[in-house]
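Visitor: I would like to learn how to read a few features of a structure. Please take them one at a time.

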Amino acid sequence: MKNKKWALLIIILLMLIAIVLLIIPMFTKDNEGYDPSKTTKQFASDIEKLNDLLINGGSKKEIIELTKVDDLENFNIMTGSDSYLNQKPSEKIIENYDLDNYVKMADKYISRLEKEIKNNFSFERNDTARDGNYIYDIVTIRSYYYSGYISDFNELKNQLLAKVQSENKDEEKSNEYKAKVKAMEILDKKLSDYRNESEELNISINYNADRKTYTKNSLYQYILSVQGFSYRNNSEMMNNNENRQIRMAEYINESLASGVLDNNDILRLEANDD
């Protein structure tokens with residue numbers, strides 16, 4: 001009887017050892033994401049790719065594929081053909097309302113803005129930390145106040161549109177594009193106002209080592225930060241709507257005085273392609 005008990009204990013012990021041996025490789029496999037050198041290299045590669053897409057004209061599709069942030073709007077795209085400013089009316093409207101020169105001038109103003117965005121961007125990786133299943137890549141950036149520019153741009157465009165009447169939906173779309181280009185033309189002389197000379201942001205980009213994926217929220221917050229959100233100076237610029245309305249009205253008055261805007265045809269394109 002005693003020998004049977006020992007035999008049973010030995011069998012149970014062997015079964016426990018077998019179970020442990022089966023479980024250990026599973027944990028080892030899950031923890032591959034914790035390899036510091038592997039994780040650091042992956043972070044460096046992914047974030048450099050994302051920076052390149054955001055700053056150097058990556059498409060919306062490419063940014064979504066890299067980040068898995070599938071609810072990005074054109075507003076979140078600063079450069080390239082999918083950017084907010086690069087959205088154009090249909091070819092039919094461009095042709096019917098003779099907007100070719102507006103398109104040409106828009107390309108020039110967008111190119112100058114994109115140059116400011118590229119020249120005003122700096123990036124530095126600082127550290128990688130771990131807390132449980134999460135790994136945090138700490139980076140420092142300095143970027144153009146693009147979000148401040150866009151807020152002013154929209155206010156300026158809307159003030160210009162308020163001064164014209166449209167006969168139908170097509171003309172409304174045409175006028176909206178004309179106002180868009182005129183707003184770019186006016187702000188083209190103000191681009192230096194949105195330069196970020198010294199403000200830096202420390203940002204944490206989070207990675208779930210268990211699932212081996214970035215957290216979409218941290219990547220989305222990073223994209224917003226590159227756009228200029230979260231900076232103190234830019235926040236003050238963006239949050240003061242009353243001040244913005246006054247400033248944009250002053251810009252319009254300045255443009256009327258200089259001849260950039262014509263009171264008789266407020267959306268008429270005056271600039272030449274130089």
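Visitor: Is Asp 98 buried or exposed?

Guide: This is a predicted model. Asp 98 has 59% relative accessibility, and the cut-off for exposed is over 50%, so Asp 98 counts as exposed. Asp 98 sits in the loop between H4 and H5.

Visitor: What is the phi of Asp 98?

Guide: Start with the general idea: a negative phi is what most residues other than glycine have. Asp 98 has a positive phi, near 55°, although the residue is not glycine.

Visitor: Where is Lys 68 found, and what is its phi?

Guide: Lys 68 belongs to the loop between helix H3 (60-67) and helix H4 (91-96). Its phi is also positive, near 65°, in a residue other than glycine. Lys 68 counts as exposed because its relative accessibility is 54%.

Visitor: Now the sheet. In what order do the strands come?

Guide: The general point is that side chains in a regular strand alternate between the two faces of the sheet. Here four strands make an open sheet, ordered S1-S2-S3-S4, with antiparallel pairing. Strand S1 (122-131) and S4 are the edge strands, each pairing on one side only.

Visitor: How many bridges join S1 to S2?

Guide: Nine bridges join these antiparallel strands.

Visitor: How many bridges join S2 to S3?

Guide: Strand S2 (residues 134-142) runs antiparallel to S3, and eight bridges join them. Thr 140 is placed opposite Asn 202 in S3. On the other pairing, S3 meets strand S4 (residues 213-214) through two bridges, again antiparallel. There, Asn 208 has Thr 213 in S4 as its bridge partner.

Visitor: How many residues of strand S3 are buried?

Guide: Six of the eight residues in strand S3 (residues 201-208) are buried, which leaves the strand mostly covered.

Visitor: Which residues touch the most other members of the largest nonpolar core?

Guide: That core has 63 residues, and Tyr 149, Leu 160 and Tyr 222 touch the most other members. Helix H5 (residues 100-119) gives the most to this core, with eight residues. To see the surroundings of Leu 160, set aside its neighbours within four places in sequence; its contacts then include Ala 179, Ala 183, Ile 186, Ile 252 and Leu 261. Lys 182 is also among the contacts of Leu 160.

Visitor: What is the volume of the largest pocket?

Guide: Empty space is found by rolling a probe the size of a water molecule over the atoms. For the largest pocket the volume is about 180 Å³. Its lining holds four nonpolar residues, one polar and five charged. Among the lining residues are Tyr 84, Gln 87, Phe 153, Lys 157, Lys 173 and Glu 176. Helix H6 (146-161) and helix H7 (169-188) each supply at least two residues of this lining, and H7 has the largest share, four residues.

Visitor: Which residues line the largest cavity?

Guide: The largest cavity is lined by Asp 46, Ile 47, Leu 50, Leu 66, Thr 67, Tyr 214 and Leu 219. About 40 Å³ of space lies in this cavity, and the count of cavities of 30 Å³ or more is one. Five of the lining residues are nonpolar, one is polar and one is charged. Helix H2 (36-55) and H3 each provide at least two lining residues; H2 gives the most, with three.

Definitions and conventions: Residues numbered from 1 in each chain as written. Predicted model: local features only at pLDDT ≥ 70, side-chain atom pairs only at ≥ 80, totals over all residues. Heavy atoms only, no water. Buried < 20%, exposed > 50% of the residue type's maximum accessible area, 1.4 Å probe, protein only. Pairing = 2+ DSSP bridges. 1 Å grid on protein atoms, 1.4 Å probe; cavity = no way out; pocket = protein on both sides within 12 Å on 5 of 7 lines; lining within 4 Å. Points joined across faces, edges and corners; volume = space filled by probe spheres on them. Nonpolar A, V, L, I, M, F, W, Y, C, P; charged D, E, K, R; others polar. Core = buried A, V, L, I, M, F, W, Y, C linked by side-chain atoms within 4.5 Å. Contact = heavy atoms within 4.5 Å.
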